[in-house]
Number of protein chains: 2
Amino acid sequence: MSFAAAFELRAGGGATRHRIGGDALAAAAAELATEVAGRTVFLVTEATVWGLHGERLAALPAACSRLHRLVVPAGEAAKQVEVADSLWRAMSAAGGKRDSRVIAFGGGSVGDLAGFVAGTFLRGVDWLLLPTTLLAQVDASIGGKTAVDLPEAKNAVGLFHHPRLVVADTGVLATLPPEQVRSGLVEAVKVAALLDPELLARIERDRAALLAGDAAALAPVVATAARLKAGLVERDPDERGERGLLNFGHTLGHALEAEVGYGRLLHGDAVAHGIRFALRLSVLEGGDPAFARRLAALLDGLGVPPLPRLAAAPLLARLERDKKAREGGLTWVLAASAGEGRLACGLAPERVAGELAAFLNEPAGESL
Amino acid sequence: MSFAAAFELRAGGGATRHRIGGDALAAAAAELATEVAGRTVFLVTEATVWGLHGERLAALPAACSRLHRLVVPAGEAAKQVEVADSLWRAMSAAGGKRDSRVIAFGGGSVGDLAGFVAGTFLRGVDWLLLPTTLLAQVDASIGGKTAVDLPEAKNAVGLFHHPRLVVADTGVLATLPPEQVRSGLVEAVKVAALLDPELLARIERDRAALLAGDAAALAPVVATAARLKAGLVERDPDERGERGLLNFGHTLGHALEAEVGYGRLLHGDAVAHGIRFALRLSVLEGGDPAFARRLAALLDGLGVPPLPRLAAAPLLARLERDKKAREGGLTWVLAASAGEGRLACGLAPERVAGELAAFLNEPAGESL
C-alpha cells in the first residue's frame, strides 16, 4: 500500500503530516497506532460516517489506552457552541489529559468542531484529522483552521490549531451523495482557477468521472488541490497575505450560506455562486472575460443549482460583518485569468452593492 | 509620571509590554490611545470595578472609533462558557472585526474570560489587559493564559493568547477588600519562595503594610513578582518545563477550590493550603523542615483562614482529572529551601493519598 501524496505542512511551530490516497487509512495504520499508543483518545464522529466507514478504524481500540467515541450531529449542526460544550464536558468527565488525543473522523464540520474543542481543551491537546468528504479532503482539512458558528455568523468562533496528522482516504468518497461530490469539486476548481491552469484543465477534462465519484479520477485531484493549498498555508500561516486567495468565492459565499440557512445551501454551491460574483467583479476590474465565461461554464457543468431569489440588503449587512473585513472594508479575491488570482481591498462599497443587486436579479448562468 | 517597572515579555511569536506602577493607567494613557486608535473596542469589565475605577479610562471613548462596554459577573461566575458565548454574540452583532480590540478591565476572572473570548473570536483578535486585583497583577496577568471553567474542572477550556499590553495600576488596589489583598499576596509568596529569597524576606518584613494595601509597599512587590513570572514564561512559554514551577500549591489548590466551591474559597487561600501540603511533600522528599516552617508561618501571618473539614477521596478524584496530569501521573512542585523550587513527577499515588488524608485531618497551622 502507498499514498497518492504524502507531504508535510510546516506551520504554527509544528508540522502536519498529510497522507492522501485510495486506501490511505489502511496505509497509515501504523502511523495512526503510534500516535495513540498508551493514550486516552476521543474519537469525534457522526453516525452516518461511523456506520459506513467505522470498520476502517477497527484497529484503533487496541492501539490506544482508552477510546471514547463521541457522536455529534451531521453537517453544520455540529458546529455549535453547545455541541463544543458537551464535548468539553464529556472529555473532562472522562479524565481527558493534556497528552490525550482527539481524532476527528467525518466531514468538514466534524473537523472544524473537533479541532476547536481540541485546541481549547486544557489550553490545547493534539489532534488527528481523518476527513471523509471531498470538501474536507481538498480544503477544510488543510491549514489548521477550526471553528464553530454563531447565529450571527459562520465560523465566528475558533482558532488555528494544526493537527499532527491528516489522513484523506479517497476510498470513502464512493459513498458520498452526488451533491457532496459536486460541492467538494467547487473547492478544487477554486484553487485550480487561482493557482494551477493544469489542474483546471484536468477537472474540465475528467468532469464526468469526477462527478461520478470515480476514485481513480479523484485521487490526483485531491492530492494536487491539497498540495496547492498546503503551499499557500505554509507561506502564510496566519492569513496575512496570499493565503487570503483561498477566500475566492467565499466572501459572498459565506453570506449566501448564512442568509439561505446553513445546511439548506451546500457550502460548495454557495462558493460557486460566490465565484460567479467574484468573476463579475474581476471582469469589471480588467480581468479576461473569456476566462470568466470558461470558469462559469465549468461551474454550470458541475450542476450547481440556481440561487433562490434573494434581496441584496441583508447580504450586504452580512458582508459587513464578515470576519475577513478590516476596519478599512472588505477584501475581495479576483481572478483575472487562469492561475492569476489576486486580492483587491479598495473596491467602493456602493459599486459592490450595485453589482450585487444586478447579480441577484439575473437568472443563473447569465451572470457574466 | 513613570512606572515602577516597564518590561517586555516575548512569547507566542509576539511581545507583551508590561507597565506597572502606582499611577500606571495615567502614565500609559498615550500607549493605550495608540492601541485603540481608529478601532472598534470591546471593553470587558464588571460592575464594581467600573463603578470604582471607570473614570481612569475616561479618555478611551474619544481615542477609539467605537467603544462597546460589556459588563460580566464578578469573580469566577464570569468564567462560564455561557458568558463567553454571550460576549461572542454581542461582538458579532456589533460588527466586531479581526482588527477590533478587546480590553479586559478587572480581576483575574475578567482577564481569563476576556482573553479566551479575544483568542477565539474570528480565530483571534488582539487584546489589552488592565488587571485591577493584586492577584491578577502579580500572577494572572502575566503569561497569556486564558480560560473558562467547566462544572467538572476549573480552567478546563482556554488557550494561550498573549495580550499586546498589560497595565497594572497599583493605585487601584487601595479599594480591594482585605481578603483580596491577602489572596494576592499568597501568589507573590509563591514565586518568591521558589525563585527569590530577597523578595521573600521583603514580604516577611513589610507584611503589615502590604496587608493594609499600602501602595508604596505593594508597588515593588508587584513589580518584582511580575518580572520573575515573566522570566519563567519567556524561557518556557508552553509550560513544558520550568514554567511548571508556577503551579506550586496549585495542584491541590485547584482541587480544593473546586471541591469547596468556586467563590467560596478564595484562589489565593486555596493556593496557600496547597503550598502547605506541597511543603509537607517537600520535607518527605528531603527538603529543609526549617524552610517549610518559615513559609507556613508567613502564610499563617497573612491570615489565611483554616480549611473546612474535607474528605480525601473526592479531592483525589479531582487531582486525577487535573489538567496538568499526564498519563504518567501528576507533577508536584516542591520547594526544598528558599529559592529552590523543583518539579517532581514520580510520587507514588498511594503515598500522596495517605499524606493528603493526614493533612486534612490536622488542625490548621499544625500541618508541618
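These legends go with a set of close-up views of a predicted model. Residues are numbered from 1 along each chain as its sequence is written, while chains are lettered from A and ligands numbered from 1 in the order in which they are written. Since this is a predicted model, local features need pLDDT of at least 70 and side-chain atom pairs count only at pLDDT 80 or more, whereas totals for chains, interfaces and linings use all residues.

**View 1. Helix α12 of chain B and its neighbours.** Here we look at α12(B), residues 250-260; helices (H or I, at least four residues) and strands (E, at least two) are DSSP runs, numbered from the N terminus. Nine of its 11 residues are buried, so the helix is largely enclosed by the rest of the structure. (Buried means 20 or more other C-beta atoms within 10 Å of the residue's own, exposed means 12 or fewer, and partly exposed is in between; C-beta atoms are placed from the backbone.) Among the buried residues are B:His250, B:Leu252, B:His254 and B:Glu257. They pack against β8 (153-160), α13 (267-284), α15 (312-321) and β10 (332-335) of chain B. Just past the helix sits B:Gly261, with a positive phi of about 120 degrees.

**View 2. B:Ala26 in helix α1 of chain B.** That helix covers residues 24-27. B:Ala26 is partly exposed, with 15 other C-beta atoms within 10 Å. Its C-alpha is separated by 9.8 Å from that of B:Val167, 141 residues apart along the chain.

**View 3. Where chain A meets chain B.** On this interface, 35 residues of chain A are in contact with 35 residues of chain B (contact means C-beta atoms, placed from the backbone, within 7 Å). On the chain A side, α5 (81-93), α6 (108-120), β7 (145-150), β8 (153-160) and α15 (312-321) each supply at least two residues. By class, that side has 13 nonpolar, eight polar and 14 charged residues; Ala, Val, Leu, Ile, Met, Phe, Trp, Tyr, Cys and Pro count as nonpolar, Asp, Glu, Lys and Arg as charged, and the others, Gly among them, as polar.

**View 4. Helix α6 of chain A.** From first C-alpha to last, α6(A) reaches 18 Å, close to the 18 Å expected at 1.5 Å a residue (the expected span is 1.5 Å times one less than the number of residues). A:Leu122 follows α6(A), and its phi is positive, near 55 degrees.

Notes:
Two residues are in contact if their C-beta atoms, placed from the backbone, lie within 7 Å.
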